[in-house]
Structures are given as C-alpha cells and as structure tokens.
Amino acid sequence: MSKKTTPLRQQYLDIKRQYPDTIVFFRLGDFYETFDEDAKITSRELDIVLTSRPVSKGVRVPLAGIPHHAIDNYLARLIEKGYHVAICEQVGAQPAKGIFPREVVRVVTPGTVIEPGMLTSSHNNYLASAFIQEKRASVAYADISTGEFAATELIGKDILHQVRSELVRLMPAEVLWPDSQPLPEALPGHITTYESWHFEVGRCEDILKEHFGVASLDGFGLRGQPVAMRSAGAILQYLQDTQKDSLKLLSKINSYSLSDFMVLDAETRRNLELTETIRSGKTDGSLLGVLDQTCTPMGKRLLRQWVSKPLLDVKLINARLDLVDFFFKNGVLRASIADALKGFNDLERLVSRVLSSRAKPRDLVAIRSNLEQIPALLDLIPDKN
C-alpha cells in the first residue's frame, strides 16, 4: 500500500480489482459510494451529483453516492441499462486495523435480479445461456426468482436461426455467450460474454453432478446431450460468481425438446401478435391480452409460457381443452375459485427469497397468510385426483 493512500482507499482498490467490469457499490455508513470511473458512470446514468473525495494529500477522486435505503430504485435503473453492479457490504462488528472489513455479497445483473420492485410479476426473469458446436447447439435458462431451470439441445441446419428463435421465445433478461464464438446480431436481452472455459463439457458435467448430488445426469434427461450440459453448466458457474445463495433455488433441471411444441421464428411471433401487438409492443390487444383472465402472478407467467409455445401433442391439447370446458360449464365454481385465488401473493418468488436469505418480515407474513388460505381453496375443487 502506498504511504499516500488511505487504508479505506486501498480496501476499495483491492475489491475493485476483483470486479473490473462491474460498478462497485461500496457501503460507507448510510450510503453506497461509487468512485473513479464507476462514479462518472453512476452520475451520468442516474442523473445524480458527481462530487469528489480526498484519498491522499492533495489528491481527490470522483465520487457519487446513493442512500442505502433507496438502493432498489437506483439499482433497477442501472440494471435496466445492462450494467452489472457488485454490492459491497461492511462485514463484522469490529474494525480491523482501523477500518471495518468489507466484501462483495452479491453481483446483480439483468438475469439475476430477485428484488420485488425490479421484477415484473407477469414475466419470468430468465438468465439464458447458449452454445454452438458445428451442427449442434444448446440453450439453457434459469429464473432464480422462481427456481425454474431447463435446457435443450438443437440439431440440424441453420443452427444459429434455431438458437435465435428459441431465445426470442424465452425473451431472457440476459444471455451468456462464449467469448470465443462470434456474437450474432438480433439476440434478445442484454448479452454478457463469458469466458469459453466455463462451457468446457467435462467441467460443466462435473459441476451439474456436484450441484444436484448425483453420479449421473440420466435422471434429468441429459443422457447423450453433452452440448446441453455446456449451457446449463455455464449458468451454474455464473450464478456461483454472482449470486451464490441462489444456487440452492435450482433443485432440478428439466430437459426439453423443441419437438414438444410448435417452433415459431421471431417474425412469425411478431405477426401473430402472440404476447404483444405490432403497433404498440404491449400485451393489451395481443392474443395473451385477450386470454389473460388469471388472478395470480404465477398464473400470469404460466399462461404466457403456454401461449409462447403452442402444444403439438393431441392428447395434451385435448387434456387442456377438457379443463377449459369443465370450468366453462361450471361458472359458479369458476367464480368461487377465482375469488379465492385473488388473495394470493406471488408464492413462487416469496419462497425463493426465503431460500436465498433475502426475505423480509412482510414476505414471511404473506407466505403464512397464503398457506392459511390453501385449505379453503382445496375444498372448492370437487375431484383432487
């Protein structure tokens, strides 16, 4: 440490060195401070005052700070613009060598958001990953706010087109892309280039096995799908780097095939106005907007998934239509169940916040309230089998 550099400044520099491409929110008292180039970016993007702070005799560096109680609002604006933010907190109750120890507790990126105010209840917030290997490719995605985790392997001609179409269907908030592969145009979401060694097949298979505590991935449907393992394993490593606590939310992975549903490219989806209109880009007026009479956030997200991937299996289609027919013919029961569901909060995301140690007292109260309502809801359903 230079004699001219204060211990606090050196502490910040040591932490920043570990996160060179990330804005570091450095906790000082009641504020999160940003310094140097981070401060200039934060001031510009959030329209807050750029000041300076002395770090040694006659030397000042740029400074921009935000109140700790208002972090969600400012954080949301930076994440929406595609920035990654490392939250550096004070740890321990006693100072060491005159300053409190500090460490980065999590890195927030567009695909790893769990704060309620930064999420849209009707949309999944997917972190996706893609990998292309000659005539094979894979796409994996996870939503750490709900625990959803899935992967697929693609084979055939025009493989890049298949990858792009699947990503457009998912509309992820963030896509991990290997830095050794050319970055295609027109991919949805914020693109994060990730070192290609994270996609190494042996490494990814081992990480998946270790995470799920299994000797084989056959039980998850990944047998003979090494490329799918690459994308899925990269997601786990990225979460390990950014949101370690969220890994416990991903308790299983689903392997799926594009042959299970109708594959539609971006232009077809746009012209059919499945989830948004051509004119306004909003849900109102689209097919989803017409169909959506759901009462809970979980229902809204599920219906969006159904509309985005039309079924091809006649048995599954008829089973779904039978349910629609049942509720259409039983209007009183339908209304009673709808009334009961209106009192439910977003249980999926509430439980996820508990598992990731991010829950607040009001989250626990909401879970308790909803659990108390479930027996009455079940009593309304005539045949639970």
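**Figure 1. Salt bridges across the predicted model.** There are 20 salt bridges in the structure, each one a side-chain nitrogen of Lys or Arg within 4 Å of a carboxyl oxygen of Asp or Glu. This is a predicted model, where local features need pLDDT of at least 70 and side-chain atom pairs count only at pLDDT 80 or more, while totals for chains, interfaces and linings use all residues. Residues are numbered from 1 along each chain as its sequence is written, and side-chain values use heavy atoms, with hydrogens and water left out.

**Figure 2. Close-up of Glu-45 and Lys-81.** The side chains of these two residues, Glu-45 and Lys-81, form a salt bridge, 3.5 Å from N to O. They bring together distant parts of the chain, 36 residues apart: Glu-45 sits in helix α2 (residues 36–46), and Lys-81 in the loop between α3 (71–80) and β5 (85–90). Helices (H or I, at least four residues) and strands (E, at least two) are DSSP runs, numbered from the N terminus. Lys-81 counts as partly exposed, because its relative accessibility is 45%; for the cut-offs, buried means under 20% relative accessible area, exposed over 50%, and partly exposed in between (1.4 Å probe, protein chains only). Look for Arg-44 here too: Arg-44, Glu-45 and Lys-81 are linked in a salt-bridge network.

**Figure 3. Close-up of Glu-115 and Arg-358.** Here's another salt bridge, with the closest N and O atoms of Glu-115 and Arg-358 3.6 Å apart. The partners are 243 residues apart and link distant parts of the chain: Glu-115 is in the loop between β6 (102–108) and β7 (127–133), and Arg-358 is in the loop between α12 and α13. Glu-115 is buried, at 5% relative accessible area, whereas Arg-358, at 36% relative accessibility, is partly exposed.

**Figure 4. Helix α12 against helix α13.** Helix α12 (residues 347–355) packs on helix α13 (residues 361–380) at about 130°, and the axes are 10 Å apart. Axes are lines fitted to C-alpha atoms, for helices over the stretch in contact, and angles run from 0 to 180 degrees between N-to-C directions. The two helices, α12 and α13, are therefore oblique to each other; angles under 35 degrees count as roughly parallel, over 145 as roughly antiparallel, 65 to 115 as roughly perpendicular and the rest as oblique. On the α12 side, the contact uses Leu-347, Leu-350, Val-351, Arg-353 and Val-354, and α13 brings Asp-363, Leu-364, Ala-366, Ile-367 and Asn-370. Contact here means heavy atoms within 4.5 Å.

**Figure 5. Zooming in on Arg-353 and Asp-363.** Arg-353 and Asp-363 make a salt bridge, with their closest N and O atoms 3.2 Å apart. Arg-353 belongs to helix α12 and Asp-363 to helix α13, 10 residues apart. Both ends are tucked away: Arg-353 is buried at 10% relative accessible area, and Asp-363 is buried at 6%.

**Figure 6. Ser-369 and Phe-344.** Ser-369 has its place in helix α13 and counts as partly exposed, at 31% relative accessibility. Ser-369 and Phe-344 are 25 residues apart along the chain, with 8.4 Å between their C-alpha atoms.

**Figure 7. Helix α10 against helix α11.** Helix α10 (residues 314–329) and helix α11 (residues 331–341) pack at about 100°, with axes 5 Å apart. That puts α10 roughly perpendicular to α11. In the contact, Phe-326, Phe-327, Phe-328 and Lys-329 of α10 meet Gly-331, Leu-333, Arg-334 and Ile-337 of α11.
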